[in-house]
Amino acid sequence: MLKGVITVMLQQNVLDVQGQAVQGALKHLGFESVEKVRIGRQIEMILPTEDREAASLQLREMAEKLLANPVIEYFQIDIKEA
């Protein structure tokens, strides 16, 4: 079994209001050295296969069709042993 992890982030040219709010809150708490915060999401799933190539193709298809909005987001795929 493999564990697929898809990380979805806003593209760099898209304003990250949530990231700005977290950065402001961190500075308010005294973490003033933080320069840029970007917020994203991570989707993990267990795939009943040992074929990394097939898993990668399947995860990419999931991300492109459902999990990421390619207009404003990009995604990264990571595959680990489950």
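Select Glu 73 to begin: at 12% relative accessibility, Glu 73 counts as buried, a term that means under 20% relative accessible area, with exposed meaning over 50% and partly exposed in between (1.4 Å probe, protein chains only). The model is predicted, so local features need pLDDT of at least 70 and side-chain atom pairs count only at pLDDT 80 or more, while totals for chains, interfaces and linings use all residues. Residues are numbered from 1 along each chain as its sequence is written, and side-chain values use heavy atoms, with hydrogens and water left out.

**The partner of Glu 73**

The side chains of Arg 41 and Glu 73 meet in a salt bridge, with 2.8 Å from N to O. A salt bridge is a side-chain nitrogen of Lys or Arg within 4 Å of a carboxyl oxygen of Asp or Glu. Side chains of opposite charge can pair when their charged atoms come close. This pair links distant parts of the chain, for Arg 41 is in strand β2 and Glu 73 in strand β3, 32 residues apart. Helices (H or I, at least four residues) and strands (E, at least two) are DSSP runs, numbered from the N terminus. Arg 41 is partly exposed, at 37% relative accessibility. In the whole structure, a search finds six salt bridges.

**Helix α2**

Now select residues 52–67, which form helix α2. The helix has 16 residues, yet its end C-alpha atoms are only 20 Å apart, short of the 22 Å that a straight helix would reach at 1.5 Å a residue. That expected span is 1.5 Å times one less than the number of residues. At the start of α2, select Asp 51: one of its side-chain oxygens reaches to within 3.1 Å of the backbone nitrogen of Glu 53.

Which residues of α2 are buried? They are Ala 55, Leu 59, Ala 63 and Leu 67. Viewed down the axis of α2, these buried residues fall within an arc of 70 degrees, so they line one face of the helix; the arc is that of the directions from the helix axis to the C-beta atoms. The face turned away from the buried side carries the exposed residues Glu 53, Leu 57 and Lys 65.

Select Glu 61 and Lys 65, whose side chains meet in a salt bridge of 2.7 Å, N to O. Being four residues apart in helix α2, Glu 61 and Lys 65 are separated by about one helical turn. Glu 61 is partly exposed at 42% relative accessibility, whereas Lys 65, at 64%, is exposed. Then select Arg 60 and Glu 64, which form a salt bridge with their closest N and O atoms 4.0 Å apart. Arg 60 is partly exposed, with a relative accessible area of 40%.

Return to the buried side of α2. What covers its buried residues includes β1 (2–10), β2 (40–47) and β3 (73–81). Select Leu 59 and show its contacts (heavy atoms within 4.5 Å). Not counting residues up to four places away in sequence, Leu 59 touches Gly 4, Ile 6, Met 45, Leu 47, Ile 77 and Ile 79.

Finally, select the largest nonpolar core, which has 11 residues in all, among them Leu 2, Val 8, Leu 59 and Ala 68. A nonpolar core is a set of buried Ala, Val, Leu, Ile, Met, Phe, Trp, Tyr and Cys residues joined through side-chain atoms within 4.5 Å. The largest share of this core, four residues, comes from α2.

Terms used:
A polar contact is a pair of N or O atoms within 3.5 Å; within protein, one must be able to donate a hydrogen and the other to accept it, and residues adjacent in sequence count only if both atoms are side-chain atoms.
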